[in-house]
Amino acid sequence: MKTFRLITAGFFFAAIFAVSTFAQTANAGKIAVINTLAFDADKEGITKYVAASKTLDNEFKPVQAELQAMATKLQALQTELQTAQTNAQKSPNVPIDTKGLQAKATQYEEMGRQFKFKQEDAKAKYDNRRGVVLSPVLQDIGRAMQEFAKQKGYMLILDGAKLDESGFILAVGDDKVDVTKEFITFYNARPAGTASTASPK
């Protein structure tokens, strides 16, 4: 699904993950892998998580649009200043509107500071709301994963996304080890839990 692009905000999933005990449990029971990055797929992901994420993104659409508009203006000013500089180098004898260019340079610097401030402020607010909106869903997913592990007899479920990111997984010889789709189907079929999307105050 689409994420809030102008603000870097990665989602953290609390998976059942214990590499330190891997060797001890490898022979004690079945081990499975779930790729938590698949949870936010629009059509094949966890419905409740996708809905909560969309609610969060929609809440921040106005500030995203504002930041995008500012970024576009900054890019236009930067291009104009660079073009003027290039033209001055190519034609040093052609008169230049020094005051006008200086005014634009000042405008560019001021707008850049405003953009940085708004971006940082928006990120802080987004991160705060992300915790409020997504935490109940993630906690519910965590409980469901525990339930899933018990029902299926898994001793350990590893987060495939984190393992892949760290380079821990080099290959998976048995497709049955990856139970991502199975878990998503299991979760989506469960009765509505306690997880809910919090409205902004």
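Is Tyr187 buried or exposed? At 3% relative accessibility, Tyr187 counts as buried (under 20% relative accessible area; exposed is over 50%, partly exposed in between, with a 1.4 Å probe and protein chains only).

Before the close-ups, a quick word on the model. This is a predicted model, where local features need pLDDT of at least 70, side-chain atom pairs count only at pLDDT 80 or more, and totals for chains, interfaces and linings use all residues. Residues are numbered from 1 along each chain as its sequence is written, and side-chain values use heavy atoms, leaving out hydrogens and water.

**View 1. Tyr187 and its partners.** You'll find Tyr187 in helix 6, residues 180–188 (helices are DSSP runs of H or I, at least four residues, numbered from the N terminus). Beyond its neighbours within four places in sequence, Tyr187 is in contact with residues including Ile46, Val137 and Asp140 (contact means heavy atoms within 4.5 Å). Ile46 sits 141 residues from Tyr187 in sequence, yet their C-alphas are 7.1 Å apart. The side chains of Tyr187 and Asp140 also make a polar contact at 2.5 Å (N or O atoms within 3.5 Å; within protein, one able to donate a hydrogen and the other to accept it, and residues adjacent in sequence count only if both atoms are side-chain atoms).

**View 2. Thr180 in helix 6.** Thr180 is buried too, because its relative accessible area is 7%. Its side chain reaches the backbone nitrogen of Asn35 at 2.8 Å. Leaving out neighbours within four places in sequence, Thr180 touches Val33, Ile34, Asn35 and Ala38.

**View 3. The buried residues of helix 3.** They are Leu67, Met70, Leu74, Leu77 and Ala84, and they pack against helix 4 (98–152).

Note on methods:
Helices (H or I, at least four residues) and strands (E, at least two) are DSSP runs, numbered from the N terminus.
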